Amino acid sequence: MTIADVANAAGVSRATVSRVMNGRRTVDPAITARVQEAAIELNYRPSNVARSLSIGRTTTVALVVPDLGNPVFQEILRGVTAAADADDYRVLVADTAEDPAQEAAIARDARRRCDALVLVSPRMPAAELDALLADVEPAVVINREVGRPGVPSLVVDYADATRQVVEHLVSLGHRHLVYLAGPRPAATDAARRRALADARDRHPGLEIVEVEAGSTVAAGHAAVGAVLASRATAVVAFNDLVAFGLLAALNEAGVAVPQDVSVAGFDDIDLARYATPGLTTAAVPQDELGRHAWRELHAMVDGVHPASTTRFGAHLQVRSSTGPVPRETTRAHVVEAPPAAATDGATGAERGPAWTSEGPAGATTTVLRRSLDGMPLARYVDGSRLPTIHSPRPYLHPLHSLAGVPLTESEPVDHRHHYGLGVAVPDVNGTSYWGGRTFVADAGPTLLANHGRQVSTGVTIDPMAPHQLVDTLEWRDEHGAPQLDERRRIGARLLDDDGWVLEWRTTLHATHGPLEIRSPATNGRPGAGYGGVFWRLPTAAETTVLSAGGTGEDVAHGSTSPWVAFVQHHRDRDGERTTTTLLTQTSPARHWFLRAADYPGACPALVWDTPLVVPASGTVETGVVAALLDRELDLDEAARLATSLR
């Protein structure tokens with residue numbers, strides 16, 4: 001059907017039909033209705049080509065990107081499309097496949113079909129870009145600053161974004177970084193390299209190795225060999241995709257993130273928060289870049305003079321893929337130990353551990369160090385950035401033996417909601433402070449929206465007793481209402497040349513009303529009486545459990561033994577090492593929830609097979625005293641040492 005058919009059916013001229021189809025209000029409403037009815041009856045569709053010839057516009061714009069598979073470019077496209085749609089424009093897309101030699105030809109071809117052009121992160125040299133822009137105006141350029149008057153450019157401050165990432169890693173103690181570089185023609189890669197050079201000047205002694213990689217997941221995966229060979233403690237990836245590839249390769253190689261290597265990216269694409277672990281990245285306003293590009297482009301199409309350059313900032317999104325520098329590398333950057341003669345006369349206080357508050361304002365962490373040489377033994381993390389479904393809470397991680405062997409695990413693959421050493425309880429008046437799924441009778445483990453959080457209201461270190469940390473916390477339910485208060489005291493002392501002692505004592509106060517504390521065991525899952533001061537140990541080549549009843553997980557689990565010990569054989573870069581983590585209970589004695597075969601972890605359970613009811617204003621006490629040793633204990637030695645600890 002043609003416009004002439006509609007005109008004949010409606011009894012009007014073709015010009016009148018054209019005016020109606022173009023939405024002009026100069027046509028009588030009754031005639032407009034008659035034309036529209038005729039068009040519907042004849043199933044008439046206006047020709048876009050004919051309409052474009054009539055009005056001199058296609059009402060389409062083209063967007064040219066280096067790689068449409070990159071989620072950043074997809075988000076920019078989404079922003080352009082949504083904004084253009086509001087003005088009745090459509091967007092065509094062209095992908096140059098990261099080929100600078102083809103960009104200009106593809107852009108010119110796209111422009112011939114559209115009213116205007118959006119160039120995203122063009123890779124071509126500056127002279128070629130200037131020549132292209134002269135041919136394709138009106139145009140807007142994203143992620144590349146241009147000098148041609150009348151062509152607006154939208155630029156993200158990637159130099160500042162890089163500075164934020166590096167400063168974050170430096171604050172965690174990292175001094176040896178790898179940069180997995182992007183495509184050389186990319187202006188954003190050049191901005192990152194310049195910022196890294198500035199970082200070297202700002203931090204004498206900071207080493208940054210640049211490794212040519214690319215911009216894809218495959219590029220990050222392929223770079224794992226160079227990363228491990230560098231022995232760097234942290235990696236800055238060109239973008240989140242490269243970081244994803246590296247995370248996968250590190251996992252395949254058995255390298256823990258962030259315990260062994262920290263990884264950070266750029267862009268904060270949607271998948272970054274869902275990575276394993278969650279990816280620390282510099283967040284870029286991708287959608288807003290697209291929307292702003294359309295506003296500039298639309299103004300140009302309408303003859304309005306555009307802005308020259310618009311700059312956008314980025315902000316650091318800290319997640320779980322970055323952490324403190326590994327213990328064995330930290331020792332090179334703390335105060336060197338005095339010669340042996342100076343240590344012989346040191347007092348216990350001088351040699352013993354002490355807590356210190358470290359880091360810049362707003363990012364302060366509390367670290368336990370051996371006073372004599374600054375050796376880090378433990379780090380107290382506030383846990384405020386944990387995912388809601390992990391029941392955010394403060395915890396200790398990493399904990400190390402004196403020889404530097406890690407003795408806690410955080411976010412392990414088997415249970416992502418396990419975090420070092422902390423207080424985790426699966427059911428307090430129906431609220432989970434454990435994280436993950438909740439056991440429901442007749443349904444099994446079920447993910448519920450019942451996750452509470454523990455919020456620290458003040459960490460204090462007594463200057464007269466720096467080996468003692470005191471934290472007061474408020475436990476808030478899933479609705480944010482206060483449910484109970486906690487006071488925890490965490491102390492430390494040296495034991496001998498092979499070990500040290502950590503003491504964790506917790507008191508729960510039912511200050512906001514009565515409490516009923518339950519576990520999966522009380523809810524119908526036999527033996528699963530977990531909840532309390534829970535210690536998640538790292539996996540090892542071999543783990544043996546000792547207790548007062550003998551050797552074995554089955555002997556210790558569910559018992560009220562006054563102590564349990566994990567003897568672990570670790571294989572590291574320097575050869576095999578043996579450690580023992582010996583836990584004794586504080587009063588009162590409780591049943592041990594303990595695992596060794598599935599994963600190594602233990603806690604004196606607050607409840608075993610009967611709910612614990614705490615009246616309003618009542619209290620509950622629990623805790624552990626642990627010896628962390630760089631040697632193996634047998635049953636008799638463990639029993640004697642446990643007696644001395646209590």
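In which strand is the place of Glu474? In this predicted model, Glu474 has its place in strand E22, which covers residues 465-476.

**Around Glu474**

The side chain of Glu474 makes a polar contact with the side chain of Arg476, at 2.7 Å. When residues up to four places away in sequence are left aside, Glu474 touches Arg453, Gln454, Val455, Thr457, Pro482, Leu484, Asp485 and His512.

**Confidence**

The pLDDT of the chain averages 88, and 92% of the residues score at least 70. Over residues 328-350, however, the pLDDT is below 50, although this stretch has 23 contacts in the model beyond near neighbours in sequence. Where pLDDT is low, the predicted coordinates should not be read in detail.

**Two pairs of packed helices**

Two packed helices are described by the angle between their axes and by the distance between those axes. The table gives these values for two pairs.

| Helices | Angle between axes | Distance between axes |
|---|---|---|
| H1 (residues 3-10) and H2 (residues 14-21) | about 105° | 8 Å |
| H5 (residues 71-86) and H13 (residues 286-301) | about 40° | 7 Å |

With an angle of about 105°, which falls in the range of 65 to 115 degrees that counts as roughly perpendicular, H1 is therefore roughly perpendicular to H2. On the side of H1 the contact is made by Ile3, Ala4, Val6 and Ala7, and on the side of H2 by Arg14, Val17 and Ser18. Sorted by class, the contact of H1 with H2 has five nonpolar residues, one polar residue and one charged residue.

For the other pair, the angle of about 40° makes H5 oblique to H13, and the crossing of H5 and H13 is right-handed. H5 brings to this contact Pro71, Val72, Glu75, Ile76, Arg78, Gly79, Val80, Ala82, Ala83 and Ala84, while H13 brings Gln286, Asp287, Leu289, Gly290, Arg291, Ala293 and Trp294. The residues of the contact of H5 with H13 divide into ten nonpolar, three polar and four charged.

**Backbone details in loops**

Most residues other than glycine have a negative phi, and most peptide bonds are trans. Asp88, which is not a glycine, has a positive phi of about 65°, and Asp88 lies in the loop between H5 and strand E2 (90-95).

The peptide bond from Val257 to Pro258 is cis, with omega near 10°, and Pro258 has its place in the loop between helix H12 (240-252) and strand E9 (262-267). The peptide bond from Thr276 to Pro277 is cis, with omega near -5°, and Pro277 is found in the loop between E9 and strand E10 (280-283).

Technical notes
Residues are numbered from 1 along each chain as its sequence is written. This is a predicted model: local features need pLDDT of at least 70, side-chain atom pairs count only at pLDDT 80 or more; totals for chains, interfaces and linings use all residues. Side-chain values use heavy atoms; hydrogens and water are left out. Helices (H or I, at least four residues) and strands (E, at least two) are DSSP runs, numbered from the N terminus. A polar contact is a pair of N or O atoms within 3.5 Å; within protein, one must be able to donate a hydrogen and the other to accept it, and residues adjacent in sequence count only if both atoms are side-chain atoms. Contact means heavy atoms within 4.5 Å. pLDDT is the predictor's confidence in each residue, from 0 to 100. Axes are lines fitted to C-alpha atoms, for helices over the stretch in contact, and angles run from 0 to 180 degrees between N-to-C directions. Angles under 35 degrees count as roughly parallel, over 145 as roughly antiparallel, 65 to 115 as roughly perpendicular and the rest as oblique. Ala, Val, Leu, Ile, Met, Phe, Trp, Tyr, Cys and Pro count as nonpolar, Asp, Glu, Lys and Arg as charged, and the others, Gly among them, as polar. A crossing is left-handed if the near helix is turned anticlockwise from the far one by less than a right angle, and right-handed if clockwise.
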